[in-house]
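What follows is a walk through one structure, taken from helix packing to domains and then to the chain contact. Please keep the sequence and the model at hand while reading.

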Amino acid sequence: MIDENVDVDEDSEKVVNTGCCHDCGGRCVLKAHVKNGKIIRIETDNNEEPQIRACARGRAYRQRVYSEKRLKYPLRRVGERGEGNFEQISWEEALSHVATRILEIKEKYGNSAILFVSGGGNQGMLHGVTPVGLMLNLIGGYTRYWGIPSYEGALFASMATYGTIMTGNARNDLLNSKLIIMWGWNPANTVWDPGTSLWLAKARENGTKIVAIDPIFTDSAAILADEWIAIRPGTDTAMLLAMAYVIITEKLQNQLFIDKYTVGFDHYKDYVLGHEDGQPKTPSWAEEITTVPAKIITKLAREYATNKPAALIAGWGPARTTFGEQYSRAANVLCAITGNIGINGGYASGFMRAYYSRESGGSVGKKKEGPIKQMDEKYKPKKPRPQDNLVDFNAPPRKEALYKLRGGTNPASTRVHFNDYYNLILQGTKGGYPADIKMAYICGTNRLNQYSNVNKGIKALKSLEFIVTHEQFMTPTAKFADIILPANTFMERNDIAVPWLGSPYYIYLNKAIDSLYESKSDLEICHELSKKLGIKSSLLDLPEDQILQIFTSPRKDITNYKKMKKDGYYKVEVQEPFVAFKKQIEDPENYPFPTISGKIEIYCEHIAEKNIPLMPAIPKYFSHEEHYDSPLTKKYPLQLITPHNKRRTHSSLHDLPWLEEIEPHAAWINPIDASIRNVRNGDIIDVYNDRGRVRIPAKITDRISPGVVCVYQGAWYDPDENGVDRGGCANVLTKDSYSPGGSFPMNSALVEVNLYHKNDLEGNL
Amino acid sequence: MNQIGFYFDQSRCTGCFTCSVACKDWHDIPAGPVNWIRVKSFEKGKFPNLFLAYLTVACNHCADPPCVKACPTNAITKREKDGIVVIDREKCIGKDECGYKCLKVCPWDSPQFSNELNAKMEKCDLCLDRLEKGQQTICVEACPMYALDVGPIEVLQGKYGNHIEAEGFLNNDKIKPSIVLKPKK
């Protein structure tokens with residue numbers, strides 16, 4: 001029988017239209033060539049423009065599906081947690097055990113003792129965390145997180161300044177910019193929706209000047225930009241403030257725009273000019289902090305303020321720092337005071353979403369306009385719905401929370417910051433946390449690897465009564481589980497994926513092959529487990545495509561579901577490039593900004609009311625205990641940054657041979673820092689601080705600023721008998737803290753580097 | 001003859017390796033030393049004044065290919081129809097027996113050999129299997145930056161100009177590589 005959604009090739013190969021949906025900056029078209037039930041090749045979008053072309057990660061996917069390291073059947077731990085010793089058990093045994101333990105813990109300690117450790121490892125609507133959350137809701141809820149490591153600082157700043165995350169312009173609008181500033185933004189490696197690098201290249205070919213600001217001479221800085229400004233990590237706010245100083249003192253600000261569309265400029269001006277704290281934020285002041293020469297700061301400020309329209313695109317990486325939200329706020333404010341908002345070729349920075357494809361069904365096409373009242377009743381349903389978690393239903397908001405925050409950061413006080421999970425587990429209610437955690441249900445995440453402070457994480461995971469995980473591979477996290485349920489890959493199931501940031505398209509992932517070995521989809525696992533948990537009937541009982549139709553039915557932009565399923569993608573026709581806040585600028589009477597004041601909040605009264613000293617109402621620059629100027633630098637003089645590289649998606653796709661050979665894992669270090677430590681290219685070095693020690697090869701390169709070490713995040717933790725990580729997991733070194741606005745400090749750790757031993761790897765790095 | 005060749009826009013190449021991985025997937029080549037299309041990087045300068053460029057190198061299907069002459073068993077031939085240089089692996093006697101004669105004369109290291117004992121030569125054939133069906137090569141269809149193109153060299157020259165310079169590319173007038181380049185400045 002031939003499936004109507006499958007193109008049959010002449011050599012009895014069938015081509016299944018599917019897509020790639022890990023947690024990268026993409027979501028791209030994959031066409032799986034299947035012969036005798038096996039994927040033999042993969043192509044990408046070769047249909048109409050704009051094509052949604054997959055990158056190397058997606059093209060290498062065959063090696064992931066058929067990896068010998070795939071988990072093949074349910075496993076029960078037999079050794080100590082973390083040792084990785086497991087025995088094969090049946091699905092019946094595994095699911096019965098999991099159900100029994102969940103029900104025992106629920107009965108004995110209540111639902112808040114169940115911690116859902118969720119993650120974005122699968123970005124389909126249907127599989128991954130979605131069915132698990134639904135199932136756990138149906139048994140009374142669970143304790144969960146607030147804060148997303150990728151973007152929490154940018155999210156907070158976007159909501160504080162603009163009251164929305166829809167702050168981006170469509171990529172093709174970059175052609176209208178005279179100047180583009182890529183601030184801590186490396187789309188050549190991180191994609192930022194397919195086509196982004198291509199549009200940047202086209203803009204540059206069209207005469208647009210592009211400047212990159214980054215501690216690393218990234219591929220984006222090297223290839224897409226005209227100019228690279230090297231900046232010391234975590235000091236971006238100081239440079240943005242100094243640019244504001246130049247703009248204000250040289251009267252280059254757009255005062256008409258400021259008067260009409262913003263509130264609180266005078267507060268900001270007072271701080272920038274030094275009237276508030278006695279320190280004018282001059283370019284010379286910023287040079288000391290950022291290492292960027294004052295004349296370069298001044299020049300860029302003038303260029304940005306006078307070359308209109310100009311797009312300042314503030315990447316999320318510099319906000320993955322202690323007080324990262326201040327950087328994002330300062331960038332947003334610079335966009336505002338130059339009047340680069342709501343116009344073609346401009347850019348508001350903020351969260352930077354430019355289309356609604358990622359919004360939950362109900363809001364698509366029903367964009368709420370105008371100012372929103374504090375604690376809008378809309379956000380407080382009276383009765384719990386199936387998607388509501390009873391553990392935090394109607395809990396009062398956290399005191400730091402802005403009145404509306406989406407993207408997984410509902411302000412309920414029962415939620416715990418994602419980077420604070422280990423303290424939650426280890427301290428519980430005695431430590432002031434909202435729950436005493438007894439078990440973890442882990443899905444879609446290699447949690448231990450991907451959140452700060454791996455060594456504390458090990459203690460926390462060891463202290464739990466029960467851990468279950470859905471996994472495809474024996475990750476460092478899975479080694480701590482009591483039961484591992486083998487999940488299939490997206491090639492083995494149907495799903496729909498939305499673009500990472502939100503572009504006008506959808507990907508329908510048609511199942512290409514049957515589940516390998518004994519693996520099951522997350523939906524199948526939850527369907528079967530829900531029966532054992534006593535859940536009589538639920539969405540989990542329906543076939544995949546039926547649930548997908550339910551999920552997509554409120555989306556008015558999908559006008560032809562059948563076509564989407566057949567083609568494997570659905571490109572929404574957009575009349576003109578989306579420009580955030582166009583209506584707010586053109587018709588402010590009828591379209592106020594969705595903030596409390598109805599204007600762009602340079603000074604945010606709502607934050608001021610909270611009276612939290614390190615969460616100021618205007619963006620400010622702060623140092624902190626692991627900053628370049630802290631006393632700790634005597635012991636640990638180097639700043640660690642942990643960005644994303646081109647060969648992994650977080651910790652997914654880590655050990656695929658085709659990707660591994662692109663860029664062998666190594667710590668990047670500047671020749672100056674290497675030579676004083678007697679380290680040569682390819683030597684094995686220890687990168688360490690009080691939290692742990694990572695032992696990896698050194699790549700000595702001028703592409704990284706002096707004083708900075710880069711360990712790309714995502715490599716798998718692999719401890720020796722002394723707990724030294726030979727895998728090169730960056731989060732062994734990062735701190736499990738968070739800023740008042742929620743930023744994760746993945747780029748704010750101090751370290752030292754020592755030579756471990758000489759190596760002859762030179763030439764391979 | 002309607003010589004077919006490559007176009008490569010170095011100013012756009014971000015070194016993402018998608019072409020290379022797509023090539024390995026399509027032609028079913030394991031990770032390792034065999035790369036029908038390679039992505040090389042060229043770094044110059046000292047912090048903070050740096051230059052970085054990438055260069056993709058496949059086979060340039062030269063107008064006068066030295067590998068064809070060097071092969072002791074005539075295993076390498078240039079197709080009359082389109083000038084594509086192809087290898088007959090039945091005739092190739094293997095790297096150890098022959099001593100890499102084709103590789104030694106190629107300025108771009110296009111002949112590729114696996115680590116296997118006496119491995120036979122393999123290299124880019126411009127996706128003949130796809131070309132014969134009227135499809136573009138897998139690398140051209142893969143490139144997210146649209147930095148690659150394959151077609152009759154005259155057509156490419158008409159579209160992109162006559163340049164054969166790019167960072168890291170050593171031209172060779174004698175053997176005439178069938179390529180058009182746009183350099184990164």
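Which residues in H9(A) meet H11(A), and which residues in H11(A) do they meet? The model is a predicted one, and in it Leu241(A), Ala244(A), Tyr245(A) and Ile248(A) are the residues on the H9(A) side. Their partners in H11(A) are Lys269(A), Val272(A) and Leu273(A). Sorted by class, this contact holds six nonpolar residues, no polar ones and one charged one. Helix H9 of chain A covers residues 236–249, and helix H11 of chain A covers residues 265–273. Their axes come within 9 Å and cross at roughly 105 degrees. An angle from 65 to 115 degrees counts as roughly perpendicular, so H9(A) is roughly perpendicular to H11(A).

From H5(A), the contact involves Gly153(A), Ala154(A), Phe156(A), Ala157(A), Ala160(A) and Thr161(A). These meet Gly324(A), Glu325(A), Tyr327(A), Ser328(A), Arg329(A) and Asn332(A) in H14(A). By class, the contact of H5(A) with H14(A) has five nonpolar, five polar and two charged residues.

The next step up is the division into domains. Chain A has a domain 1, made of 152–355 + 581–610, and a domain 2, made of 631–757. The C-alpha centres of domain 1 and domain 2 of chain A are 29 Å apart. Each domain of chain A gives 21 residues to the contact between them. On the side of domain 1 of chain A that touches domain 2, the elements giving two or more residues are helix H5 (152–162), helix H6 (187–190) and helix H14 (324–337). H5(A) has the largest share of that side, three residues. The residues of that side divide into eight nonpolar, nine polar and four charged.

Asp655(A) is placed in the loop between strand E22 (638–641) and helix H23 (657–660) of chain A.

Helix H18 of chain A (residues 522–532) shows buried positions. Asp522(A), Leu523(A), Glu524(A), Ile525(A), Cys526(A), Leu529(A) and Ser530(A) are buried in H18(A). The cover over them includes helix H3 (91–109), helix H4 (129–138) and helix H19 (544–552) of chain A. Strands also take part in covering H18(A), among them E15 (439–443), E16 (466–471) and E17 (483–486) of chain A. Just after H18(A), Gly534(A) has a positive phi of about 85 degrees.

The last topic is the contact between chains. Chain A contributes 33 residues and chain B contributes 25. On the chain A side, strand E4 (38–43), helix H1 (56–59), helix H7 (196–205), helix H8 (219–224) and H23 each supply at least two residues. The residues of the side of chain A that touches chain B comprise 17 nonpolar, five polar and 11 charged.

Notes
Residues numbered from 1 in each chain as written. Chains lettered and ligands numbered in written order. Predicted model: local features only at pLDDT ≥ 70, side-chain atom pairs only at ≥ 80, totals over all residues. Axes fitted to C-alpha atoms, helices over the stretch in contact; angles between N-to-C directions. Helix = DSSP H or I, 4+ residues; strand = E, 2+ residues; numbered from the N terminus. Parallel < 35°, antiparallel > 145°, perpendicular 65-115°, else oblique. Contact = placed C-beta atoms within 7 Å. Nonpolar A, V, L, I, M, F, W, Y, C, P; charged D, E, K, R; others polar. Domains from an automatic or database assignment. Buried ≥ 20, exposed ≤ 12 C-beta atoms within 10 Å, placed from the backbone.
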